[in-house]
Structures are given as C-alpha cells and as structure tokens.
Amino acid sequence: MRAARALATLDEVELGDHVCWRMRPAGESLADARAFVADGALYGDKIVVVGSAGAIARMPRDARPSASVVLDVPGAADSDFVLAAVRREARTAVREGFRSVRVLNERTAPKAVPGAREELLAQELKLDQFASESGAIVVCAVRPSEWDAPTLEHMGCVHPHEVGMRAEHPAFRMFSTGADSWSVDGVIDSECAPVFNAAVRAAALRAPTVTLRFDTLDMIDAAGMHALVDAARTLPDRRVLVEGANETVRLCWELAGYATADVSVVMGA
C-alpha cells in the first residue's frame, strides 16, 4: 500500500513513487539531477525527461546516459498528450529490458487563465495513477520562486511524496492506491475545500465510479463535505464511493443531510 512521505533527497525514491521536487538554486539542482540520473543507470532504469529546457536537457551530452530520452512536449499540451507520450516510453523501456522508467518532468507554473489549475491537477493525478500502476518513478520538478503559494500547495496535494526546499506540507494529499481508487489523508477544511473539489472532479472524469479511501484522513469539515457533494453533482453520471470513513465523519455526513438518494456519494465505513 502506498503511503505519503517526505524524502530527504532524490536518492530515496522507490519504484512507484510520484515526487514533488522543490528545486534548489540552479547549480545545486543540476547536481541533484545528475545524481538522480546516475542512480537510474545503476538500477537499470530508462531516463525520460519531459520538456527540452529541464535540468537534464541542459547537461553536456557526455554527461547524459545513453538510455535517456528527452520529450520536447509543447507547453500548451494537455494532460492526455503528455501521459500518452510517457506511457509509450514506458512500454518501450519494458521491451528493451529496463527495470522501469525514471521520469523527470520539470513543471512550469500554469498561466492565470480559467481552468489552468484544474488541468494541472488532472495531469498530476493521471501521472500518479501511472506511477502507481506501472512502478515507474515520476519526479515533478518545480522552482518555488516561479509559483504563487496557493498553486504550489495545490501541486503538493496531488503528490504522495515530496523532496527539496522545505515548505509547509499541504493540508491534505490525494493519491492513487489502485485502479480508480484514491487515498485521501490530512485535513480538508474551508481553505483547501476548493482544491479537494477540483481533485475529486478530475479523478471522477476518468471512470464512472471512483473510490476515495478515508482511512488516514484526520478531519473533514462541513466545507470539505460540501466540496465533495458539489463535485459529485457537477458530474451526475459519476458515482463516488467513500471507504474507511470513521464514525464521526459518517454521523456528520448524515446530520448534514447528504445521505440521500439524490447525492451520488456513498459514505461507508
């Protein structure tokens, strides 16, 4: 079972990890990237770099392993385009005899346009499910100075693992634990309810029924519950199953009047 954790360095990544890497200054980040690549060569992984301006892409050619691919993905590419490209490289790596793929995806902050944050969440959830199902290592590198604080926190919420420059942990995390199943941990309150709503909608778009595991959720308040209901109502042909909710959460759900047939969320123990 996957579990959220903080890493001291990229040396600690494991198969199936999806890491939000808060990069250090440029020179130090290049050294970290080189170490990540060297470990890939040591363990028999194929290196896949998404974007042509990333840390590895700027390495001298003789410093790159022969088993590396740079995917020059257009900045405006949607999440399905990016994921399809990564999946193709993963399938090729299997045929070529590699243990797995190590994906280094240097992310740029989304533009301040409608739907940009939602697209960011959708792409990261898809990458997370890919990592969970395939055993790939996916590292999403961000330069904190280029991101506004709320969007950077949203980014952290859909990564089960983090490394790099210290920042406050996201209030909650939502990450894949199997086909159309997502673990939710931490605290969901009025401050992070909008990003939880967007994450649930992004996950629900992928399947007619999705499961949210609340086993490690510390707390969800009225705003968080409303965000869950609103997400379900915006996608009336989808169904959300909540498993592992404690007795207090289930009681509050009933008292709020959500345990009705017109709410396509089933709250279970």
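Leaving aside its neighbours within four places in sequence, with which residues is H159 in contact? In this predicted model, in which residues are numbered from 1 along each chain as its sequence is written, local features need pLDDT of at least 70, side-chain atom pairs count only at pLDDT 80 or more, and totals for chains, interfaces and linings use all residues. Side-chain values use heavy atoms, with hydrogens and water left out.

When neighbours within four places in sequence are set aside, the residues in contact with H159 are H18, V19, C20, E124, C140 and R173, where contact means heavy atoms within 4.5 Å. H159 belongs to the loop between α4 and β7 (161-164); helices (H or I, at least four residues) and strands (E, at least two) are DSSP runs, numbered from the N terminus. The relative accessible area of H159 is 0%, and the residue is therefore buried, a term that stands for under 20% relative accessible area, while exposed stands for over 50% and partly exposed for values in between (1.4 Å probe, protein chains only). The side chain of H159 forms a polar contact of 3.1 Å with the side chain of H18, and it also reaches the backbone oxygen of M155 at 2.7 Å. A polar contact is here a pair of N or O atoms within 3.5 Å; within protein, one must be able to donate a hydrogen and the other to accept it, and residues adjacent in sequence count only if both atoms are side-chain atoms.

M155 is itself one of the buried residues of helix α4 (residues 149-157), which are T151, L152, H154, M155, G156 and C157. These buried residues pack against β2 (18-22), α3 (116-134), β6 (137-142), β8 (172-178) and α5 (193-204). Within strand β8 is M174, which counts as buried because its relative accessibility is 0%. The C-alpha atoms of M174 and G156 are separated by 9.4 Å, the two residues being 18 apart along the chain. Apart from neighbours within four places in sequence, M174 is in contact with L125, C157, V158, W182, S183, V184, A199, V200, A203 and L212.

For the chain as a whole, the secondary structure comes to 7 helices and 13 strands, and 52% of the 269 residues count as buried. Among contacts between residues at least 6 apart in sequence, 70% join residues at least 24 apart. An open sheet is formed by 7 strands in the order β1-β7-β2-β6-β5-β3-β4, with parallel pairing; its edge strands, each pairing on one side only, are β1 (5-6) and β4 (68-71). Two strands are taken to pair if DSSP finds at least two bridges between them. Strands β2 and β7 run parallel and are joined by 4 bridges, and C20 stands opposite E162 in β7. Elsewhere, strand β10 (residues 209-213) pairs with β12 in the parallel sense over 5 bridges, with L241 in β12 as the bridge partner of T211. Strand β12 is also joined to strand β13 (residues 265-267) by 3 bridges, again in parallel, and V240 stands opposite V265 in β13.

Strand β5 (residues 100-106) contains S100, which counts as buried because its relative accessibility is 10%. A polar atom of the S100 side chain lies 3.2 Å from the backbone oxygen of G135. With neighbours within four places in sequence left aside, the contacts of S100 include L15, G44, D45 and I137. In the loop between β8 and β9 (181-188) is D180, which has a positive phi of about 55° although it is not a glycine. D180 counts as partly exposed because its relative accessibility is 27%.

The structure holds 1 cavity of 30 Å³ or more. On a 1 Å grid over the protein atoms alone, a cavity is a set of points where a 1.4 Å probe fits but cannot get out, and lining residues have an atom within 4 Å of a point; grid points are joined across faces, edges and corners, and a volume is the space filled by probe spheres set on the points.

Methods:
On a 1 Å grid over the protein atoms alone, a cavity is a set of points where a 1.4 Å probe fits but cannot get out, and a pocket is an open set with protein on both sides within 12 Å along at least five of seven lines; lining residues have an atom within 4 Å of a point.
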